[in-house]
Amino acid sequence: MDTTPVFSVEGLWKVFGPKADRVPGDPELTALDPAELRSRTGCTAAVRDVSFDVRKGEVFVVMGLSGSGKSTLVRCLTRLIEPTAGTIAIDGEDVRAMDRSRLRELRRHRAAMVFQHFGLLPHRTVLDNVAYGLEIQGMGKAERREKAAEVIAKVGLEGLEHRRPGQLSGGQQQRVGLARALAVDPEVLLFDEPFSALDPLIRREMQEEVIRLHRDEGRTMVFITHDLQEALKLGDRIALMRDGRVVQLGTPEEIVGSPADDYVRDFVRDVPREQVMTVRTAMRRPSADQDGNGPAVRPDATVSEAIEAVARAGAPARVVDKGRCVGVVDSDTLLGVVAGTEQPAPPGTEQPKEAV
Ligand SMILES: Nc1ncnc2c1ncn2[C@@H]1O[C@H](COP(=O)(O)OP(=O)(O)OP(=O)(O)O)[C@@H](O)[C@H]1O
Ligand SMILES: [Mg+2]
């Protein structure tokens, strides 16, 4: 299996303002909080010393409040914004060392962006909007239209090929934006709050579309949102940003179950824990007499699903992984998770972990 990350980011900084270059290397300046830094230097550190990998096939969510640096971070990945310091690699290739033509290739073929306000060309039809990326790649008209029609069908826009963006609803326009990004068959899709302008029902439909693309095509995606529910729903892993820093990076379960600090704890306070936490976190060792009794649940079943199974059977459930009972959950441990009194076991403690 190829485990090279799609993106690998190390010590990334983006500082806006006068003599921005001096900030990342100056310990006195980097120690300042954002307001102090601004008043002392006139600079804004939009991204501060950020490191992460985006793995092949994952949905990597960047979440944070307005102004926390999400857009700046994702734009740095393809150098739509020039980083101030740090390294960025795509498939092991140094992005900061790329010349203009290599960068163009990166943006046209390898990493396609879907924007919040769609960014469609108003005078072109849906078909030609979707084909646009292929056109600038130099593909011939017949071929690109054929390819565009295929992608249009995939995102559910058949029949609307000859309309112009102004004749579409917001949700339909965003499907065009998504289709345009998909048409170039990029290795990674970058989404900058693509659904925040959509009403809740359409938004949910678009989220399902992203989940489907992820599941059926194994697309790697970097998805920005300030919406926690959306982050938890879509993300395999979530990087939570505050003032330019990543304050926690983890699975939804890790973020909700073990918030790194008070800021994160506050952020996730209202999340229904039983819908995010899995029985893997809640289970305890099976005792000899419990093996073989009770309903079976998978280790990645949610606590909410396990509660249902336990309630229906009136007995503790067995957590079964690859035919082996790896733990037991009863109503006490499950309710402990809901109440937040059951803390996930840190790695290396005696809780049985499934064999991976
Ligand atoms: N071109 C710029 N010049 C100066 N400061 C900038 C520039 N672009 C962004 N900033 C500042 O950098 C910080 C991060 O901005 P960014 O747009 O990345 O935030 P965001 O998390 O995407 O916010 P939102 O959710 O509102 O889109 C903000 O304080 C912003 O004012
Ligand atoms: Mg933004």
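Which residues does L190 touch, not counting residues up to four places away in sequence? L190 touches V74, L77, A111, A112, M113 and V222. Touching here is contact: two C-beta atoms, placed from the backbone, lie within 7 Å.

This is a predicted model: local features need pLDDT of at least 70, side-chain atom pairs count only at pLDDT 80 or more, and totals for chains, interfaces and linings use all residues. Residues are numbered from 1 along each chain as its sequence is written, while chains are lettered from A and ligands numbered from 1 in the order in which they are written.

**Confidence**
- The average pLDDT of the protein is 90, and 94% of the residues score at least 70. pLDDT is the predictor's confidence in each residue, from 0 to 100.
- Residues 346-356 fall below 50. Beyond near neighbours in sequence, this stretch has 8 contacts in the model.

**Overall build**
- The protein has 15 helices and 13 strands. These are DSSP runs, numbered from the N terminus: helices are H or I with at least four residues, strands are E with at least two.
- Along the principal axes, the C-alpha atoms fill a box of roughly 70 × 60 × 40 Å.
- Of the 356 residues, 38% are buried. Buried means that 20 or more other C-beta atoms lie within 10 Å of the residue's own; exposed means 12 or fewer, and partly exposed lies in between, with C-beta atoms placed from the backbone.
- Among contacts with a separation of 6 or more, 66% join residues 24 or more positions apart.

**Annotated domain**
- An unreviewed UniProt entry carries the annotation "domain: ABC transporter" for residues 32-268. UniProt positions follow the numbering used here, feature names are shortened, and annotations may be inferred rather than shown by experiment.
- Residues 32-268 are 43% helix and 22% strand, with the end C-alpha atoms 27 Å apart.

**Around ligand 1**
- The shell consists of F16, T44, A46, G64, S66, G67, S68, G69, K70, S71, T72 and H226. A residue is near a molecule if its C-beta atom, placed from the backbone, lies within 6 Å of it.
- β2 (44-54) and α3 (70-77) are the elements that give two or more residues to this shell. The largest share, 3 residues, comes from α3.
- By type, the shell has 2 nonpolar, 9 polar and 1 charged. Ala, Val, Leu, Ile, Met, Phe, Trp, Tyr, Cys and Pro count as nonpolar; Asp, Glu, Lys and Arg as charged; the others, Gly among them, as polar.

**Nonpolar core**
- The largest nonpolar core has 90 residues. Such a core is a set of buried Ala, Val, Leu, Ile, Met, Phe, Trp, Tyr and Cys residues joined through C-beta atoms within 7 Å.
- Those with the most contacts inside this core are V130, A179, L190, V222, A306 and V329.
- Helix α8 (residues 170-183) gives the largest share of this core, 6 residues.

**Loop residues**
- R284 is found in the loop between α13 (279-282) and β11 (296-297). R284 is partly exposed because 18 other C-beta atoms lie within 10 Å.
- Not counting residues up to four places away in sequence, R284 touches G327, V328 and T333.
- D185 is in the loop between α8 and β7 (188-192). The phi of D185 is positive, near 50°.
- D243 sits in the loop between β9 (237-242) and β10 (245-250). D243 also is not a glycine, and has a positive phi of about 50°.
- Most residues other than glycine have a negative phi.
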